[in-house]
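Subject: Structure handover

Hello,

Here is the structure I promised to pass on. Please look it over first, then read my notes below.

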Amino acid sequence: MYRFTVVNNKADHRPVVLFFCLLSVLLGLYLSSFFSIIICVILNGIAAWWVWQKIMAIHPVNGVIILEPKSVRFESGRFKIQGKITAKTLILTNAVWLHIKGFNQHHWLIISANGVDEQSYARLKRAALIAINGEEESK
């Protein structure tokens, strides 16, 4: 069992902003009227805000992670998650997107590299890789 604290786990908003800005520009190039371009930009702004709210819901600012041999637990002031790490987990350069299968639900949890110390982040990535490779080998 390994326990570590997540502190100041800030989400990176740049990819979301970049995606929706590029989408607005590309759609704006193909629209002919000024009114349709304005509607496109407004709808993309609303969609970006909605996506950002969803990302913030699964990206806690602080909490405690407990890694056990076959399961993971996360506890914070807002929610408690317990279950197994699934093969849908994504390991990116600056973040680990954990897909956790609970007893009756699936949860996403994003842990950024800047929210934990280097050793804990390495152990989290290792646990995610073991879970991913273990499920792929069993198929």
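**What was found**

L22 is partly exposed, with a relative accessible area of 46%. L22 lies in helix 1. Helices (H or I, at least four residues) and strands (E, at least two) are DSSP runs, numbered from the N terminus. From L22 to L109 is 87 residues in sequence, and 27 Å in space, C-alpha to C-alpha.

Some ground rules before the rest. This is a predicted model, where local features need pLDDT of at least 70 and side-chain atom pairs count only at pLDDT 80 or more, while totals for chains, interfaces and linings use all residues. Residues are numbered from 1 along each chain as its sequence is written, and side-chain values use heavy atoms, with hydrogens and water left out.

Which residues does S24 contact, leaving aside neighbours within four places in sequence? They are C40, V41 and N44. Contact means heavy atoms within 4.5 Å. With N44 there is also a polar contact, side chain to side chain, at 2.9 Å. A polar contact is a pair of N or O atoms within 3.5 Å; within protein, one must be able to donate a hydrogen and the other to accept it, and residues adjacent in sequence count only if both atoms are side-chain atoms.

Helix 2 covers residues 34-57. It has 24 residues and reaches 35 Å from first C-alpha to last, close to the 34 Å expected at 1.5 Å a residue. That expected span is 1.5 Å times one less than the number of residues. The buried residues of helix 2 are C40, N44, A48 and I55. Their cover includes helix 1 and strand 7 (106-112).

I39 is in helix 2 too. At 35% relative accessibility, I39 is partly exposed. I39 belongs to a nonpolar surface patch of about 730 Å², made with F34, F35, I38, I42, L43 and I46. Patches are made of residues with over 30% relative accessible area and no salt bridge: like charges are joined within 9 Å, nonpolar side chains (Val, Leu, Ile, Met, Phe, Trp, Tyr) within 5 Å. Accessible areas come from the Shrake-Rupley method with a 1.4 Å probe; for residues, only the protein chains shown count as cover.

**H59**

H59 sits in the loop between helix 2 and strand 2 (63-67). Is H59 buried or exposed? It is buried, with a relative accessible area of 3%. Its side chain makes a polar contact with the side chain of S112, at 3.0 Å. A polar atom of the H59 side chain also lies 3.3 Å from the backbone oxygen of N9. Not counting residues up to four places away in sequence, H59 touches N9, K10, A11, I110 and S112.

**Salt bridges**

How many salt bridges does a search of the whole structure find? Two. A salt bridge is a side-chain nitrogen of Lys or Arg within 4 Å of a carboxyl oxygen of Asp or Glu.

- R14 pairs with D12, the closest N and O atoms being 3.0 Å apart. R14 is exposed at 59%, and D12 is partly exposed at 40%.
- E68 pairs with R73, at 3.5 Å from N to O. E68 is partly exposed at 28%, and R73 is partly exposed at 25%.

N8 is in the loop between strand 1 (2-6) and helix 1 (14-30). Its phi is near 55°, a positive value in a residue other than glycine. N8 is partly exposed, at 41%.

T93 is in the loop between strand 5 (90-91) and strand 6 (95-101). T93 is exposed, with a relative accessible area of 70%.

K125 is in helix 3 (residues 118-138). It is partly exposed, at 29%. K125 touches I91 and V96, not counting residues up to four places away in sequence. K125 and L92 are 33 residues apart along the chain, and their C-alpha atoms are separated by 9.4 Å.

Best wishes

Conventions:
Buried means under 20% relative accessible area, exposed over 50%, partly exposed in between (1.4 Å probe, protein chains only).
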